[in-house]
Amino acid sequence: MTDIVDIDTARRRRRGSISLCMIVRDEAETIAATIGSARELVDEVIVVDTGSTDGTIAAARACGARVSRVDWTKDFAAARNASLDRASRDWILVLDADEELDAGGRKQIRAIVDGGEAGAYLLEQRTYTDDSATVGWRPCAGGRMARGALGFFSSRQVRLFRNDGRIRYSREVHETVEPSLRAAREPLHEGGAIVHHYGRTGPPGRIYRKYLLCRELGTGKLDADPENVKFVFELAVQFLALDRVDESLELADAGLAVEPDSWQFLNLRGLALLKRGDRAKALESFRAALNHEQNQPDLYNNRGVALLDSDRPAEALDCLGKGLALDDGNANLLRNAASACLALGRHEACLSHADRSLAIDPYSPEAHLLRAEALHGCGNDDEAAASLDSIRFLADTPFAVSFKAIHLFVRMGRAAPAAEALERIGRKHPAHEGLLFLEGKIREMNGDDEGALEAYERALASNPRRSEVLNSLGCVHERRGRFEEAEGAFEEAHRLSPQDPQIETNLGIVVGKRGRSGEAERRLREAIARHPRFAPALNALGCLLANGGRFAEATVFFTDAVENDPENGPYYLNLGLACEMLHLPGKAAEIYEQAIRRIPEAGLLVAPRLERLRQPAGRS
């Protein structure tokens, strides 16, 4: 007797049927969306649960899935194969519970199973992330599937293949069916469909736990097959992501012992060395990697970063430019090129690179900070402050960026936004020495010298070797007339940072105020000899000489100060006064006028002098 087959069953058999196979654990929030993205395409949904403690199983069954529980043996391949063993249809489609199949992809897969070639099919997995520093990152063009993410990176993976007992997964982590496909002589084809992956957009804790699991499983896999360089590389990457730098470096070296010309291992070694602070060796690794591979923009980026960290911005900019020649839409390369331009004082170029980076990744706090630094360098502090202000509304802003933003607010004399940002960040880092230093600077700006002294003392209690804190402490003591305390602070700061021209200048000034003019002159001349274009030292020596009645000598140093810092109004006032004392009325009047153009409020002070200087000779 012939079995009676209903119309739907006959249609499925005729067109080619599909089993959706998934392995899951604690995916209650996402599994319905995953199954829903493929439900109209597939004929059955097989879910293997490896130990969920939330509502994953109930959610899967509510979507019509057949759910089986299996013990977790720390082997992703075994779990995958358990799902394949339970599949009953002609084709297997594999998805994870943090993925969704693109709507257009359903049509492409349908065409494949209805009449495509035999074999297995590669689908594009798009992994969404806001981290534009990720290798291969591209900005999103918008759309519902991006779910608000800024960008993604892609990989091609076998996700569709015939239901054939010979095709099974291997490897406990980063499992794959490709070895079994080769053994079965099954060809690979491009499937064209897109799988949207949201595993990098979840809570940071969940992402970190996934890294930990992959590290644990990768270690076991490497122990079982220690000669497999692919396993070595995967585990080295996991260790580096977890900041286990020494272990990552050890594995990278092991990989290079087997494959000495591998640019991937050389690049990984360079990244680990850079994290460890060994810039010279990192540069050598990146150089060696580029000798073997000249078409990877990220290699140029990594070497450029190492050059920047080594205070070699001109070389860094050249290297980053080569990367941009290969990929001019790489936001990370553009940001680092902006950093190099900033270090070189090329503010317009820095602004251009930062703006181009923000056009690709508009929410990068690093790019907003670079833009603000460039605008400040161009003299546009209002727009710079607006760019800094935007950083406050960005999620997960790195502490280093927030700290530099507050520092720039302070340099621009913007006490209110600096204090507001400091209060917000200080809640998470109440005893951070750098923030205590900035608190002191803000209190100084608000005229609270005693509060500033207290903040600086707390910062020094955390780290007594911070020369900039000692220098600021000395400045407050000097302003309060406590010259002995000021000299002690400047002496210690100078001992810690003997090449800092500002500290050396401050020490010379306070020594002079303590009546030791000969020693003060010697210190200031030594500072100028080391830093001949440092305007504050030139001006300070000019003041010291003028106070001693040596006006002719003083004008030389005031003139040099003006030439090296032509927008500093007080320097013009000092030079004008020295010229006046030398009975050079025309020159003095000319210089006073230049001072007023730079500091209009000085007009009330200078106006009587100008009137007297302009009187014809013989009149009083």
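In the predicted model, helix α22, which spans residues 467-479, packs against helix α23, which spans residues 483-496. The axes of the two helices come within 8 Å and cross at roughly 160°. This angle is over 145°, the limit above which a pair counts as roughly antiparallel, and α22 and α23 are therefore roughly antiparallel to each other. Their crossing is left-handed. On the side of α22, the contact is made by Ser-467, Leu-470, Asn-471, Leu-473, Gly-474, Cys-475, His-477 and Glu-478. These residues meet Phe-483, Glu-485, Ala-486, Ala-489, Phe-490, Glu-492, Ala-493 and Leu-496 of α23. By class, the residues of this contact comprise nine nonpolar, four polar and three charged.

Among the residues that α22 contributes to the contact with α23 is His-477. The relative accessible area of His-477 is 10%, so this residue is classed as buried, the cut-off being under 20%. When neighbours within four places in sequence are set aside, His-477 is in contact with Leu-453, Arg-482, Glu-485 and Ala-486. Of these partners, Glu-485 and Ala-486 belong to the α23 side of the helix contact described above.

A further helix pair is formed by α17 (residues 381-391) and α18 (residues 399-411), whose axes lie 10 Å apart and pack at an angle of about 150°. Helices α17 and α18 are therefore also roughly antiparallel to each other, and their crossing is left-handed. Ala-385, Leu-388, Asp-389 and Ile-391 of α17 make the contact with Val-401, Ala-405, Leu-408 and Phe-409 of α18. Seven of the residues in the contact of α17 with α18 are nonpolar, none is polar and one is charged.

Helices α28 (residues 569-581) and α30 (residues 603-613) cross at roughly 35°, and their axes come within 13 Å. The crossing of α28 and α30 is left-handed. Leu-573, Leu-577 and Glu-580 of α28 meet Val-606, Arg-609, Arg-612 and Leu-613 of α30. The contact of α28 with α30 consists of four nonpolar and three charged residues, with no polar ones.

In the pair of Trp-91 and Tyr-121, the ring centres are 6.1 Å apart and the planes stand at 50°, so the arrangement is tilted. Trp-91 belongs to strand β4 (residues 91-94) and Tyr-121 to strand β6 (residues 120-129), so this pair ties together parts that are 30 residues apart in sequence. Trp-91 counts as buried because its relative accessibility is 0%. Tyr-121, with a relative accessibility of 5%, likewise counts as buried.

The aromatic pair of Phe-437 and Tyr-456 is tilted, with 6.1 Å from centre to centre and 35° between the planes. Phe-437 lies in helix α20 (residues 433-445), whereas Tyr-456 lies in helix α21 (residues 449-462), so the pair ties together parts that are 19 residues apart in sequence. Both Phe-437 and Tyr-456 are buried.

Conventions
Residues numbered from 1 in each chain as written. Predicted model: local features only at pLDDT ≥ 70, side-chain atom pairs only at ≥ 80, totals over all residues. Heavy atoms only, no water. Axes fitted to C-alpha atoms, helices over the stretch in contact; angles between N-to-C directions. Helix = DSSP H or I, 4+ residues; strand = E, 2+ residues; numbered from the N terminus. Parallel < 35°, antiparallel > 145°, perpendicular 65-115°, else oblique. Left-handed = near helix turned anticlockwise from the far one by under 90°. Contact = heavy atoms within 4.5 Å. Nonpolar A, V, L, I, M, F, W, Y, C, P; charged D, E, K, R; others polar. Phe/Tyr/Trp six-rings, centres within 6.5 Å; stacked < 30°, edge-to-face > 60°. Buried < 20%, exposed > 50% of the residue type's maximum accessible area, 1.4 Å probe, protein only.
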